[in-house]
Amino acid sequence: MRLYKRSLSVFLRDRKLSIPYYAVLALIVAMSVYCLGSYSRSGDVFSAIKWWLARPTILIMTFFIYCGYELTVRMHDNNMVEYVRAHTRGLLKAYSAVLFSLLTIVAVPSSMFFAFFLFLYHRVGVSYAPFLVHLVKLSVLYFGLSPAAGAMLGMAMAARLRSNRLAVYSLTTGFMLLNTTFTDVPFRVPYLVFNSYLVERALYYIKDFLTLVPHQLGSHFAIYPIYGFPMEPVRWVVAVFWVLFPLTLVLVECFTRKTKRALLVASALLLLLSVGLFSVRGSVLAMDMRNDSYPYADPIYYMDRPRQDYRGYEAGFAIEAYRMDLTVSNELHARVEVTVDNPGREGYEFTLYHGYILESVRTERGEIPFTREGDYVSLGGLNGSDTLVFTYYGKSPKFYANAQAITLPGHFAYYPKAGRSNIWDLDRYGYVVNLPPSESVYTVEVRSGLEVFCNLPGGDNEFHGRSNGLSLFAGMYEEVAHGIYAEPVRRDQPTRESILEAERILTDAFLRVGHPDMVIALSDKRFFQAPESFALNSNTDKTVIMSDHIVSSSSASGQGLANSIMTSIVRPWSSGGYWFRSHYIDYLLRGQEETSQAAQSEVDTSLLLREMEEWLLLPDPGASFHDNMTEEERVALATAQRRWGELERAVSEKAAKYLFYESARKQANLRFFFDYFTSESTDDWLPLATARVREELGP
Amino acid sequence: MRRLYLELKNQRLYVFVPPFVLFALLPLSVLAGPQGTDPSFLLCGTLSQLFIPSFAAWWPLFILKEYHSSPARELLVVHRSSRAELFSRMMALWALYILLVAVVFVYFASLFGFVWYLFAAVAAQSMFMIALGYSLSLLLQNTFIPLIVNFAYSSIFMLAVLDSPLNIFTIGTFSDAGSLVKPATVAAVAIVLLLAGYQAERRLYRRSM
Amino acid sequence: MIAVRDLCKRFGRKEVLHSISLSLGNGCYGLLGANGAGKTTLIRCMAGLFEPQKGEVLYANRPIHKLKGFQRDLGYLPQVFGMLPELTLYEMMDYMCSLKGIPRSQCAGEIAKALEFVNLEERAGERVRTLSGGMVRRAGIAQAILGDPKVLLLDEPTAGLDPSERARFRNGVRELKRDRTVLLSTHIVEDVDACCDNVIVIHGGRILFSGPSDELREVAVRRAGHKGEKPTLEDGYLSLTQGIA
């Protein structure tokens with residue numbers, strides 16, 4: 001106790017330690033105030049915490065490395081180690097005193113953060129226990145264990161490196177930079193310059209092992225409420241490792257002979273165990289610039305592979321029933337029993353996302369051979385059996401399933417689907433929404449520590465029913481109203497009223513365009529609000545409508561939902577005419593309602609026609625580019641690109657306003673373009689629109 | 001110069017960190033653009049401002065460390081050839097560092113054409129970082145905190161808080177002389193910091209012993 | 001009470017101590033030797049800081065590494081001594097009491113006694129950083145005698161002390177040596193002469209001489225044919241070592 005008090009006195013009396021410490025405490029108070037202010041303005045609690053508290057954590061950690069080092073090394077600087085060591089467990093007692101002093105010093109800001117999070121929970125006013133638990137865990141992992149690990153690292157460097165400050169400074173700098181996005185561009189070098197994907201993975205492996213606080217300084221990715229701050233079990237393992245491992249290095253210095261050897265062995269075992277556990281971390285949310293990250297993994301994967309187009313592919317069989325036994329731990333472990341309607345075929349093709357490693361395919365007669373090629377599984381005959389059992393495990397960077405959250409929407413091939421279908425659309429930059437034409441019977445059991453929500457009836461993570469897609473969601477997720485599932489901490493939750501409003505708007509729109517057959521009974525379906533992150537790397541699956549449920553990451557308003565649904569219906573295979581299509585949908589859904597467009601003056605139709613014709617004649621700037629361009633050609637190209645951009649926005653807006661709002665034939669125009677957008681036509685919209693405008697205006 | 005050489009040699013392998021960053025890490029990172037595209041001058045400007053000023057203070061701080069915490073510090077302080085020796089040392093290190101940066105920029109000029117506005121900007125920023133490290137280390141009698149502040153400053157203002165009046169960096173194309181207004185201000189602030197550090201150095205013996 | 005038996009210590013390929021054997025009972029022993037002779041290495045081995053390649057150090061006839069109570073009975077002053085500058089002298093002594101396992105109830109008395117021994121009692125409330133080099137050295141002696149150790153190993157205890165403090169130190173050692181073993185490693189032969197009854201001369205890692213001080217003086221007479229005044233310990237030491245040289 002006395003040694004502890006003396007060590008603490010040393011810290012508090014040394015101005016080089018205590019003054020910066022008080023400054024850090026003041027900074028924490030200031031950051032908390034800014035965090036609160038940010039939340040009050042935006043209403044987004046996760047964003048506020050991330051920007052003001054989580055991102056600067058590495059600086060706090062580095063400060064505690066400094067504290068740990070300076071407090072411990074003064075025994076070496078003042079030549080005390082020799083005579084301290086001469087006493088029974090002298091060095092151990094001295095280091096223990098320093099250790100407890102450091103833990104006390106760390107505990108103060110950690111407690112401040114803890115208290116702040118409790119206050120923030122109360123301020124947010126959402127009575128949702130998992131959110132409170134999340135905040136508590138956050139304060140322990142990000143703001144408790146991480147600074148403690150910093151202090152331990154500093155202490156270990158002092159014990160081992162002693163007064164070799166060059167090494168200490170270098171290691172500290174390296175550690176700090178590895179915990180920021182400073183490394184983003186240099187880590188791209190192996191892949192982009194040397195085409196070495198393996199080296200990039202190795203670099204990120206090392207970085208991840210050193211990363212105690214994801215969403216680092218410099219990260220601009222948002223935190224999504226269903227997942228919250230990444231706190232998967234592996235992050236706790238890493239944090240505890242970085243507290244214990246430096247501690248063992250310090251203890252090694254305190255002992256001699258057998259105990260020293262035993263401690264060295266213990267350090268090595270701890271290192272091996274942690275690296276081992278880290279290596280099987282499975283599904284972890286990676287929101288950064290690496291090739292394997294949430295936003296980039298799939299686009300890069302599919303860009304690197306030969307293009308295959310399976311539109312119109314006929315599977316030749318359908319799946320009547322699924323019996324699924326899913327275990328979600330570090331990643332998804334699945335045993336899926338599939339009953340096909342046509343067991344006499346000579347071969348079967350299935351689609352299963354490439355991230356899932358297929359261990360075996362069995363019938364009741366035993367294992368059958370299979371061929372795995374990317375997202376596809378090819379089998380031979382089933383020898384009369386109509387049931388197959390697929391056993392697999394793995395993960396998807398985007399559609400994660402781990403101990404923290406599950407987002408597995410029914411349109412994604414996380415379980416085997418009949419036939420070959422594309423998972424990614426390179427042209428539209430998004431996931432293909434592939435749903436089977438008929439429903440299957442699902443019997444599902446999910447083993448997970450989380451409460452799982454599913455489109456099928458059931459409870460206690462067991463579900464049974466019919467659908468053309470099985471969607472599973474879990475995490476900070478709840479049934480917020482009957483049949484409506486959303487993130488309780490999210491500001492824009494859907495309501496029964498907004499769904500009904502969307503249904504009304506869509507019904508009205510479909511009737512106006514002469515397609516009553518397309519009316520959707522939204523209110524009869526379960527509604528799953530998907531995280532906003534779904535739109536991060538995909539333009540195509542913001543809203544997916546399945547036979548019994550809807551998965552949508554759109555805003556909660558009825559208008560927004562209707563817009564999102566109509567966007568998913570209109571021209572699913574088209575990538576051009578984005579602006580024109582957006583305006584079209586706006587006018588289609590708002591009907592006769594005054595829009596902001598109406599407040600502006602009428603369209604000058606003759607100017608519009610001239611601009612449309614000019615644009616028709618303008619060559620595509622992208623197609624004109626080639627490597628050996630002269631300076632004049634480059635200037636001309638830049639001019640053409642600018643003009644193209646000006647015309648694209650202006651013409652799209654004015655053409656849509658004229659055709660769908662001002663024109664006497666606006667209803668006919670709406671019907672015409674609805675048929676165009678929902679067809680498989682590859683014609684460009686501009687000539688069609690130009691022709692209609694010209695026709696209306698006459699000679 | 002002999003003393004400077006020996007002080008750099010005293011850093012052993014750590015002396016090669018800034019050259020590694022300048023001659024390997026930075027050029028390779030500039031080349032690491034999206035596949036099939038030419039290197040981007042905008043990216044070059046961003047990376048140059050991220051890497052170059054951060055590591056400008058590396059040599060100076062490691063040398064200053066000897067004056068604060070090495071066993072020989074008493075001798076170093078007593079046997080200074082002038083009361084402003086450290087100040088001269090900082091300027092010499094800045095000049096040496098900028099010389100290395102100029103070599104890198106000759107390479108960048110071969111890629112992008114005229115790059116010398118950007119060069120002037122990073123030279124001013126490097127001077128600022130050295131001046132900040134110099135004055136802080138003399139004020140605090142410590143080099144660990146200035147080192148942390150140095151990298152924290154670069155990380156915060158290049159990666160997170162881009163628009164702040166305290167930010168010495170600029171995200172832009174450096175395509176005309178107008179882009180030198182901010183670097184000129186940065187250089188002026190650097191000179192003020194150097195003068196403050198110089199005043200602290202003159203009182204070094206009295207304060208440190 | 002403390003004995004060294006056939007001790008050998010090597011650092012890498014350099015053999016620093018060659019088969020050293022000594023037996024020290026109560027009293028004061030002076031350890032003399034040139035720079036690099038192995039004095040500090042021997043003392044560190046005896047303090048249990050270094051593990052010898054061969055041989056052992058015995059206390060009460062038991063090897064010290066197997067004896068849990070040895071460090072409690074040991075007072076050690078290293079050649080290079082320092083303290084935590086932010087603490088006061090009293091607090092630093094208290095720190096050492098805690099390390100030595102001295103019960104709290106006895107600490108105040110022990111600290112007062114030790115500081116009085118080195119004439120630093122008036123400085124007890126001052127920060128260590130304000131003490132001069134000599135005072136720090138005296139404080140080092142004070143911490144060594146905390147807890148009334150039975151074995152005192154002092155490496156260059158009077159380095160940096162002024163003449164009056166050296167004289168005070170010698171008087172103090174004369175008191176201390178009565179019921180404990182004191183081993184004084186020093187270059188200052190006068191200190192050994194003044195307070196040590198026995199001398200050990202070490203040269204090149206080997207014991208050249210171990211015995212009463214008078215016997216070392218006789219060496220000067222025998223080897224150097226010293227005539228005239230009574231030879232000093234230094235004469236004896238020089239005669240011994242110059243012979244080797």
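Gln141(B) is partly exposed, because 16 other C-beta atoms lie within 10 Å; a residue is called buried with 20 or more other C-beta atoms within 10 Å of its own, exposed with 12 or fewer, and partly exposed in between, the C-beta atoms being placed from the backbone. Gln141(B) belongs to the loop between α7 (116–140) and α8 (144–160) of chain B. Helices (H or I, at least four residues) and strands (E, at least two) are DSSP runs, numbered from the N terminus. The phi of Gln141(B) is near 55°, a positive value in a residue other than glycine. Most residues other than glycine have a negative phi.

This is a predicted model, in which local features need pLDDT of at least 70 and side-chain atom pairs count only at pLDDT 80 or more, while totals for chains, interfaces and linings use all residues. Residues are numbered from 1 along each chain as its sequence is written, and chains are lettered from A and ligands numbered from 1 in the order in which they are written.

Is Glu156(C) buried or exposed? Glu156(C) is buried, because 22 other C-beta atoms lie within 10 Å. In chain C, the loop between β7 (151–155) and α5 (163–176) holds this residue. Glu156(C) is a residue other than glycine with a positive phi, near 55°.

## Contacts of chain A with chain C

In chain A, 22 residues are in contact with 26 residues of chain C; two residues are in contact if their C-beta atoms, placed from the backbone, lie within 7 Å. On the side of chain A that touches chain C, α1 (2–13), α5 (81–85) and α6 (90–124) of chain A each supply at least two residues. The most comes from α1(A), with 6 residues.

This side of chain A has 7 nonpolar, 7 polar and 8 charged residues. Ala, Val, Leu, Ile, Met, Phe, Trp, Tyr, Cys and Pro count as nonpolar, Asp, Glu, Lys and Arg as charged, and the others, Gly among them, as polar.

## Contacts of chain A with chain B

The contact between these chains takes 26 residues from chain A and 27 residues from chain B. Of the side of chain A that touches chain B, α8(A) gives the most, with 7 residues. By class, that side has 15 nonpolar, 6 polar and 5 charged residues.

## A sheet in chain A

In chain A, 4 strands form an open antiparallel sheet in the order β6-β7-β3-β10; strands pair if DSSP finds at least two bridges between them. The edge strands, β6 (370–373) and β10 (417–418) of chain A, each pair on one side only.
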